[in-house]
Amino acid sequence: MRSPVPSPAALGLGRSSAGKDLAQLGWDNPDSLHLLWTLASTGDPDLALNNLIRVCEAAPELNDALRDNEALRVRTLALLGGSTAFGDHLAANPELWHELDKPLPTETEMLQTLLGTVEAVPATYEEQPERPDTAKDDLSTPGTYRAGEGDYKAQLRADYRTLMMRVAAHDLAGTFHSRKGQTEPQPEIPFTTVTRLTTALADAALTAALAMAVRHVYGDKDMDVQLAVMAMGKCGAGELNYISDVDVIFITTDANAKATRLAAEFNKIGSTTFFEVDANLRPEGKSGALVRTLDSHVAYYKRWAETWEFQALLKARAQTGYIPLGEDYLAQIRPMVWTASQRESFVEDVQAMRRRVLENVPDELKYRELKLGEGGLRDVEFAVQLLQLVHGRSDESLRVLSTVEALSALVDAGYVGREDGHQLIEAYEFLRLLEHRLQIERFRRTHTLPKQDDEQSQKWLAIISGFYPTSNKSAAQMMNQHLRKIRLQISELHSRLFYRPLLNSVVGMSADALKLTPEAAKLQLAALGYGAPDRAFEHLTSLAAGSTRKARIQAILLPTLMGWLADTADPDMGLLNYRKLSEAAHDRTWFLRMLRDEGIVGQRLMRILGTSPFASDLIIKVPEVVKQLSDGATGPKLLETKPEQVSKALVNSTKRHRDPDKAVSVARALRRTELARIAAADLLGFMPVRQVCHELSTIWDAVLEAALRAEVRAWLLDKREEDPEAEPPARIAVIGMGRLGGMELGFGSDADVMFVAEPADPEEENEALRWAIGIVDKLRRRLSKPSGDPPLEVDLGLRPEGRSGAVVRTIASYKRYYERWGEAWEMQALLRAAFVAGSKEVGDKFMEMIDEFRYPKEGVSEKTIREIRRMKARVDNERLPRGADRNTHTKLGRGALTDIEWTVQLLTMMHAHEYEDLHSASTLEVLDALEEHELLRKDQVTDLRDAWLMATDARNALVLVRGKRVDQLPTPGPQLAQVAGAAGWAPEENQEFLDAYLKATRHARKVVDEVFWGEAESFEHD
């Protein structure tokens, strides 16, 4: 017959001595089933049984009490299986089991217990203050006491631990679940009750610590100063953890040596007996005076305090010591706290504080870290405090201390929706519950969840947090499922707390949601980083007001979209651009649907709209580009388009039009779409700089090809009306120069070109050239016509004889010119020549012809090298614009594009006759060849390449932000933040972006000095 008594294994016991231990307790029988199943339901049955054996060996009467007293049984076993620290405390002091049968301790009981331990009496003063100290003979209130003589630390620590053990036992019992071991659940202790008691215990502990400090400093003498202790942080707010630092600030009537010593002794006793007592939130932090008078505090906060200090003061509370002085402190300081949101730097300070919090968490801990991780406790606390600072200035109902009270007040006052607010309170309390359970285990400060693969710890945490297994999921799986839901709710925090209420001020979204007034909404917009809150509110009203379906969808979307916009460099511009885009896409039914259904599209779109006017204008003109912001089967759709296919499509699409204006208009439209795609991919970090330049060059080549064909086709169609057999009198090739030739165009680059024409009939060369010049002139005029698109300027400045030279020449003419009059700079310019459009046969012949000039068989002469260096010196001295900063000019600055490209070109001229793969128009390809042939050291090539890529990226970012070609980086501030954002950096890291640029170009300049100028290595650029 099967025994009704479960085996140790069935009870979750794994220790080899488990059966023996159960027998020792007398639990190995059917009469003890309720005890066994209660034991099995603890977080760690082995730990609980081991601790119980230790206690019962010294206090056997506990065993009988557990059998008959269900509340005691649940509290004791839940505690012993949930906390190693409290199990050790009870095993060391087994007589304390009776404490677990008592109700929760009251605040008065805690004070009287700990002050009684140190034999405290109210302290006396040399001069009785006008308002009496709050200390009482019955030890029932905080105040200034004097301890008796003796060393009470060990007993004080033990009594503190015992009181905390009582709180923990009731707390753990409230989340304990034993289907067979309980007849009814124990009362669940609300989070606010637990934190109220842990705070009260800290107050009692530090009141006793102050009493001991008074004894150490004054002995039996009367005190000559009053000292108030202000609790800050979670202790000040009445929401303290089980174990945590306690932040304090001291105020004294006289900042003399004894007052300082009293505060120092207080810190020392509190830190060595209970928990870390931290006074670093005081004015000037660690370097500031430990104690100050009230007037000194007020003077500091009026003149020197930073925004974070006022945010910290939201939680200030008079804790102990001379309480009236603490109340005076609050009366003087709090008016400054509630006007902090009007400080000029408020928004930037708040954003910087939030970033610092997130940056302090290693990537591998961002999910496991409950406090500082993404979707963690600090996110909620930070957001709530921001709303308090913004609206508490005019609404005194928000001037409360704790996070939960503040959230409730924000809901009651209509600043946060009722459902959102209550969900966030529940989420916050759940994360705090997990935090408390982690701290109870060994009674140490921690906020880090166990690793996912630590199944035993995961199970333990889940069970003591109130989760239990179901038919198809373990307790840990149930806990993690709920935690993911909570994290998601908090990840939507800014939408719920900041942006959704803003939309409620424009249009009612739910019956229970109270609206912000327009004035309060504008205040909130300003606090969230909108520099023109009136206009931002107008945009919101335009987008979401009304009863149309689109307005309702916008009202749902905008809270999330505005949260993403807030992370960009210019949220005001982003919101305006979104309004323009919404109006441009008003007849596209897919637009709002896509933003609603594909969150990644909205997130990417907001980043573009809040960063780049250049890209935004293009997308507003071509809203279909938004469709490419989603992901395809292989990654972002922005990368699915192949530039060669686009080029072919662009050229083919213009063939259908007889009118060259229409053909060029079609080419412009396709270029516009392609520019928008490339700019979006660049801004989102999908496309490296080298690819951006290649694709921009490819689209320019296609435009030139399409425009040239359109002009020739129009002439031919007209001519054939007179002569059906007519053919063009010449074949024209377009030679790309400079960055176009090297396939390294940027967003703001013109097309540097030369035109070559070969007559169909050599006898009619003059007529053919006149015809070709007419075609080219029309092409240039048509492309340069003003339009809303980025300009299409065709620059012929590098042709023979410059601007005074012929627009078109034959190959033979070019050859004669280069033989007779070609200068060193023109040979240098030819290094970047490449055929890009028109007749390939003519282009190839031209390229073959110029090879003898740019790549002479014997190499270039020393005279040519000297001439190149002389010209470079002139460029350095004369070309930099007036007022430009040579350190941050991306083209002509030190170590910037011109420096690098001239160095690469000089080396090409010196060695191209030796190495065939130096015959390239691309700077980057030549750098690769220079490294391969060891003409430069690997580190030198790396320095030049890195600087070229960064300068090109910075130059592109300037165009994306300014909408036109600009070469000068701005100084640190809002403009540089936009440029940094466009270059792939966080806007707030604009100084780091600038430092990285300066470092890269400094290293490049060092190479330029050594290689181009032949200067000996120095440490100038280190």
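Is Cys 693 buried or exposed? Cys 693 turns out to be buried, at a relative accessible area of 1%, where buried means under 20% relative accessible area, exposed over 50% and partly exposed in between (1.4 Å probe, protein chains only). The model behind this is a predicted one, in which local features need pLDDT of at least 70, side-chain atom pairs count only at pLDDT 80 or more, and totals for chains, interfaces and linings use all residues. Residues are numbered from 1 along each chain as its sequence is written, and side-chain values use heavy atoms, with hydrogens and water left out.

Staying with cysteines, Cys 235 is buried too, with a relative accessible area of 1%. As for disulfides, a search of the whole structure comes up with 0, taking a disulfide as a pair of cysteine sulfur atoms within 2.5 Å.

Now to the helices; these are DSSP runs of H or I with at least four residues, while strands are runs of E with at least two, both numbered from the N terminus. Helix α8 takes in residues 153-174, 22 residues in total, and reaches 32 Å from its first C-alpha to its last. That is close to the expected 32 Å, the expected span being 1.5 Å times one less than the number of residues. Helix α8 is also mostly covered, with 16 of its 22 residues buried. Helix α20 (residues 475-491) has 17 residues and should span 24 Å, which agrees with its end C-alpha atoms being 24 Å apart. Buried residues in α20 include Ala 475, Met 479, Leu 483, Arg 487 and Ile 490.

Helices α41 (residues 974-982) and α42 (residues 990-1011) pack at an angle of about 70°, their axes 8 Å apart. Axes here are lines fitted to C-alpha atoms, for helices over the stretch in contact, and angles run from 0 to 180 degrees between N-to-C directions. The two helices are therefore roughly perpendicular; angles under 35 degrees count as roughly parallel, over 145 as roughly antiparallel, 65 to 115 as roughly perpendicular and the rest as oblique. On the α41 side, Leu 976, Ala 977, Val 979 and Ala 980 make the contact, meeting Asn 990, Phe 993 and Leu 994 of α42, with contact meaning heavy atoms within 4.5 Å.

Leu 139 has a positive phi of about 60° despite not being a glycine. Leu 139 sits in the loop between β1 (121-122) and β2 (145-146) and is buried, at 12% relative accessible area. Met 743, in the loop between α32 (738-741) and β11 (751-759), has a positive phi near 55° and is partly exposed, at 23%.
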